[in-house]
Amino acid sequence: MAEYVEQNIEAMIPELELMEKMQLFDKNEIRAITKKRKEFEYKMQRVTKCKEDIMRYIQYEMDLMKLIRQKRVEKGLNNKKNNVDYAIANHINKLFNQAIRRFPSDVRIWLSYIKFCKQVRFYTCASRILDQMLELHGSAKPELYKLAAQWEFEECQCVEKARKFLLNGLHIHKDSKLLYKEAFKLELNYANSMRKELGEEQKLEIRKEEIPKNDPLLEGKLAEVMYESAVKKITDINFVVELHSLTKEYTFTEGLQEKILNDLKDRFPKDELTWDTLAKRELFASSSKVNSDDSPLSQKDKIMNCEKVYEEACESVPTQRMWNMYLDTVVQLNQDQTVLPNYKKNLFQRAFKEAHKRSMLDEKYYLIWVDHLEGPKLYNTLKEGTKRLPQSVRLWEARLKFLLSKGEEAAGVKVFNDALATLVSHEHALPLWKYMLKYWQITNPSKAESLFKEGIAADPAVSTPLKPLYLEWLTVNHGIVAARKVYSSLANMPPYCLEMHFKMAQLEDVQPQLSLKNIRKCHIFTTQQFGQTNTDVWMAYVKFEQKHGEPKNVSEIYSRAIKVLKPHLVDIFVSEFSLSKAECF
């Protein structure tokens, strides 16, 4: 073992001497580097190989290379640059080779190796490693074929090998959307790059009529072939639409785009996504398109054409999803009011009114609609919304807020009561209770107290969260004594409310004169009612006694907790208790 280590260290001496000669490191730093490398080399010679050891060694060498580059910049050294960098890079390369031989099943090592090759421009080495990785892991991971193809096309400018990788991947993963999409994108990118090269050579922007005849490559025909192969294997409209989206990035794909759109109409005539794609195609039509009278398409023309397609879509496929797509586009158009503001606003109102008329508005769109309305129109729409969607809490709440903001208390109270009578879930009605209570707290405290009492007597889904709010309101408006009285009556009333006990303890804790008896009372209730399943109630009790109460009571609380808590919570409590004791010292 020692013989191999010394042999490897000796092979590194020339590069270390060069580092010292270039004054990148002094003698002591060179000795430290040598010592560190020797430690790693001994680990590498162990009988039982450890992946972490070799990866730490690689990381150490990469950090060393980075440090050398920084020092070279700082000292303005450019001489001997390649010799030092190449020596370390070659050493890392050998370490990576050992790593993939010893641990070939770990894909992360292969990917790290390829990333390293890219950083140091070992392109030939990376291509070889990609071949080996795919041979070993390609059958299980189609994304590796995509990685390999991207490497060959983007880094090595070798489209033939990139195609080969993707076709091999598709031979194994016959229905892979990922690989078909990547192959389609590859052909589009390659055709685009070839057109750019030709345009640069001719010193002009290449136009369709200037493409050499019978050159399918420049016309994007290979991408079309790949598209046809893909849709034969994959019958998924989302995938087809995704391919169509890719073509929109290129100016030479108008024919291909039309082909894909026609396929969508033929294969998925009743799918909402087909119509949505067709409508947006009109909205984002090329500026080169013209009207029937050969006049250029204006922005208004595009919006009108888009609207016509959506209207036809909603007739042909009258579903909630179809209307939602239409309305989403209309909302998006209205976000930009710098162009055709009045026309867009009118389109917005037309679309939403028609959707409402056909009972195709859900909660989200009613709420969007009312944001664009005022006065009676707004309220009437909210009223219609709660009629169409009687279980929508947000619509009831918006309706209640509108009335109360206009000072129409009687109408607001009626809407509040109607909502409570209509909503099936008491829990969903809670926001209405809270809003009504806030309103009365500001305008009429006596009515607020009456409503609090009504809420406390209501269903537990409402009464439980209102209890701590009631105690807080009482303390602020009538003082702590009134809150204590109500707390005493509610504390043992099922269903129990932990938040109420904590709130009362908090209210007691901020009084000018602390009442230890009353605070302790809160902690006694929490431990009695929730002590079996909650360690926090015991810790809160402990901390109170440590801070304000009697420290001698702590041991008694600790003993009770151990007896009361469920077995699986005892260890957690003991650990928390030990930490709290440590914090006290």
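**Stop 1: a helix pair.** Select helix α2 (residues 13-21) and helix α3 (residues 27-44); their axes come within 10 Å and cross at roughly 155°. Axes here are lines fitted to C-alpha atoms, for helices over the stretch in contact, with angles from 0 to 180 degrees between N-to-C directions. Helices are DSSP runs (H or I, at least four residues), numbered from the N terminus. α2 and α3 are therefore roughly antiparallel, a term for angles over 145 degrees. The crossing of α2 past α3 is right-handed, that is, the near helix is turned clockwise from the far one by less than a right angle.

Now show side chains. α2 brings Glu15, Leu16, Met19 and Glu20 to the contact, and α3 brings Lys27, Ile30, Ile33, Thr34 and Arg37. Contact means heavy atoms within 4.5 Å. By class, the residues of this contact are four nonpolar, one polar and four charged.

A note on the source: this is a predicted model, in which local features need pLDDT of at least 70 and side-chain atom pairs count only at pLDDT 80 or more, while totals for chains, interfaces and linings use all residues. Residues are numbered from 1 along each chain as its sequence is written, and side-chain values use heavy atoms, with hydrogens and water left out.

**Stop 2: the cores.** A nonpolar core is a set of buried Ala, Val, Leu, Ile, Met, Phe, Trp, Tyr and Cys residues joined through side-chain atoms within 4.5 Å. Buried means under 20% relative accessible area (1.4 Å probe, protein chains only). Select Met19, Phe116, Phe184 and Phe352: in the largest nonpolar core, of 162 residues, they touch the most other members. Centre on Phe184. Beyond four places in sequence, Phe184 is in contact with Ala223, Met226, Tyr227, Leu243, Leu246, Thr247 and Leu256. Then jump to a second, separate core of 17 residues, which includes Met539, Val554, Leu569 and Phe573.

**Stop 3: Asp53.** Go to helix α4 (residues 51-75) and pick Asp53. Is Asp53 buried or exposed? Asp53 is buried, at 8% relative accessible area. Not counting residues up to four places away in sequence, Asp53 touches Phe40, Lys43 and Arg46.

**Stop 4: α18.** Select helix α18 (residues 363-370). Six of its eight residues are buried, so α18 is largely enclosed by the rest of the structure. Colour Tyr365, Tyr366, Leu367, Ile368, Trp369 and Val370: these are the buried ones. Their cover includes α16 (320-334), α17 (341-357), α19 (375-388) and α20 (393-405).

Notes. Helices (H or I, at least four residues) and strands (E, at least two) are DSSP runs, numbered from the N terminus. Angles under 35 degrees count as roughly parallel, over 145 as roughly antiparallel, 65 to 115 as roughly perpendicular and the rest as oblique. Ala, Val, Leu, Ile, Met, Phe, Trp, Tyr, Cys and Pro count as nonpolar, Asp, Glu, Lys and Arg as charged, and the others, Gly among them, as polar. Buried means under 20% relative accessible area, exposed over 50%, partly exposed in between (1.4 Å probe, protein chains only).
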